[in-house]
Amino acid sequence: MAEAGVLRSNRDFRRFWIGSALSTLGSQMSLIAFPLLVLSLGGGAAQAGLVATCSLVTRMFFRLPAGQLADRADRRKLMIGADLVRLGTVASIPVAAGLGHLAYPQLLAVAVVEGLATAVFAPASTTAVRDVVPDDQLHDALAKDQAAMAAASLVGPFLGGWLFTVDRILPFALDAASYAVSAVLLLRMVTRPPAPAEGGPRDNRPTAGLRWLTGQPALLRALAFGAVLNLAGASAEVAMVVTMRDTGTGGTSIGLVMACAGVGAVLGSLAAPRVIKLLTPGRLFLVIGVVWSAGLAVFAGTQQPWVLGPLLVLLILLTPPAGIVVGQALLSRSPRELLGRVSTASDLVIAGLASLGPMLAGAVLEGFGIPPTWLLLSALVAAATVVAALPLLRGGDLGPAPKAAEPAAAEPAVAEPAAA
């Protein structure tokens, strides 16, 4: 099958994919525009940071309950409802600005409500892919999804900053419109989640996903390895900016270097299906660990943008295939009744440690200086490679587990003929 086959043959996934990509692009535009808007209203840096913090804390706090909700309710309806809430919330900014009543407290409220709606949308969105895509196309679907998200993350901040210079409200108007388009496309999806299996005890606790993960040693090792990589990556963002600033690199050059991470993510997502065919999961994680450890050590010896940029592309290049391998394993191996909670539990494992990255990098930079910081990050990744990645070479299974036949009601929509 051609690489774009899942987009051509599956209308429901195509609708989901387009809506998700557009809403992510809109979110990335408003992400950069939020602090700029706060500053334009007379707020300070602390107030601008508080808006982002409120959104992130809300998403983290409601992550597990949202996963439980995704397992118990219609995921399509949850996504549509979340999109409508985000539409109304973000659209309140242009409305208030037009009426001359836009103020900082409203922006805080928007950040909290949108963060809550996003927390609900995320696990429902992740598990919805499993509802509309068969096992043999999961890696293709996840690759397409990652490529779209990486492209949106690369283009969105630049587009949002430019649109803000045209009109400070324009990024938020387009963000609201992206949620409207996503909701309409989701409404047109015809696939419905299969009915829960009858009989047998059910674990309805929010922590059920975490409990299931504890019985999956290979997945836990992969998630732990990803968590350390995310921690190193979040720390490296701060360290790289400080490194280049200290050597007199200008803001434009710094921005171009940091954009190389997005370039690597896009290229890695596009190459992911081929990479996954060439490398077993164990070898893939080992290669990533070696490349990251060596690359971070190189950062300790040079601060030249022409070196940092290409090397950053190389570091990021193989991470999307690894994410797809883990994502496919989670979606195909998890019990259907736990999909939402397993996805949120894995997100907590991977993202929770990364939130400490900027603080860790700042403390180490102030205490030890730039080269030791890079060497410490290199050693951290090397240790994670030995502890988590190497055991996957000795029989760690991340492939799809044998599953019982899925309810027949979901099958016709998966094989739906392509539309014009």
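Biologist: Which residues line the second largest cavity?

Modeller: In this predicted model, the lining of the second largest cavity consists of Ser-235, Leu-360, Ala-361, Val-364, Thr-373, Leu-376 and Leu-377. Helix H16 (357–368) and helix H17 (370–393) each contribute at least two residues to that lining.

Biologist: What makes the second largest cavity a cavity, and how much space lies in it?

Modeller: The term cavity applies because a 1.4 Å probe fits at its points but cannot get out. The space in the second largest cavity is about 30 Å³.

Biologist: Why is Ser-293 called buried?

Modeller: Ser-293 has a relative accessible area of 14%. Buried means under 20%, so Ser-293 is classed as buried. The residue belongs to helix H12 (residues 281–299). Leaving aside residues up to four places away in sequence, Ser-293 touches Ser-378, Val-381 and Ala-382.

Biologist: Is Gly-19 buried or exposed, and how do you know?

Modeller: The relative accessible area of Gly-19 is 2%. The limit for buried is under 20%, and therefore Gly-19 counts as buried. Gly-19 is placed in helix H2. Its contacts, not counting residues up to four places away in sequence, are with Ser-182 and Leu-185. Gly-19 and Tyr-179 are 160 residues apart in sequence, while their C-alpha atoms are 7.8 Å apart in space.

Biologist: Why is Ile-18 called partly exposed?

Modeller: Ile-18 has 34% relative accessibility. Buried requires under 20% and exposed requires over 50%, with partly exposed in between; Ile-18 is therefore partly exposed. Ile-18 is found in helix H2 (residues 11–40).

Biologist: Among contacts between residues at least 6 apart in sequence, what percentage joins residues at least 24 apart?

Modeller: The share is 87% in the protein chain.

Methods. Residues numbered from 1 in each chain as written. Predicted model: local features only at pLDDT ≥ 70, side-chain atom pairs only at ≥ 80, totals over all residues. Heavy atoms only, no water. Helix = DSSP H or I, 4+ residues; strand = E, 2+ residues; numbered from the N terminus. Buried < 20%, exposed > 50% of the residue type's maximum accessible area, 1.4 Å probe, protein only. Contact = heavy atoms within 4.5 Å. 1 Å grid on protein atoms, 1.4 Å probe; cavity = no way out; pocket = protein on both sides within 12 Å on 5 of 7 lines; lining within 4 Å. Points joined across faces, edges and corners; volume = space filled by probe spheres on them.
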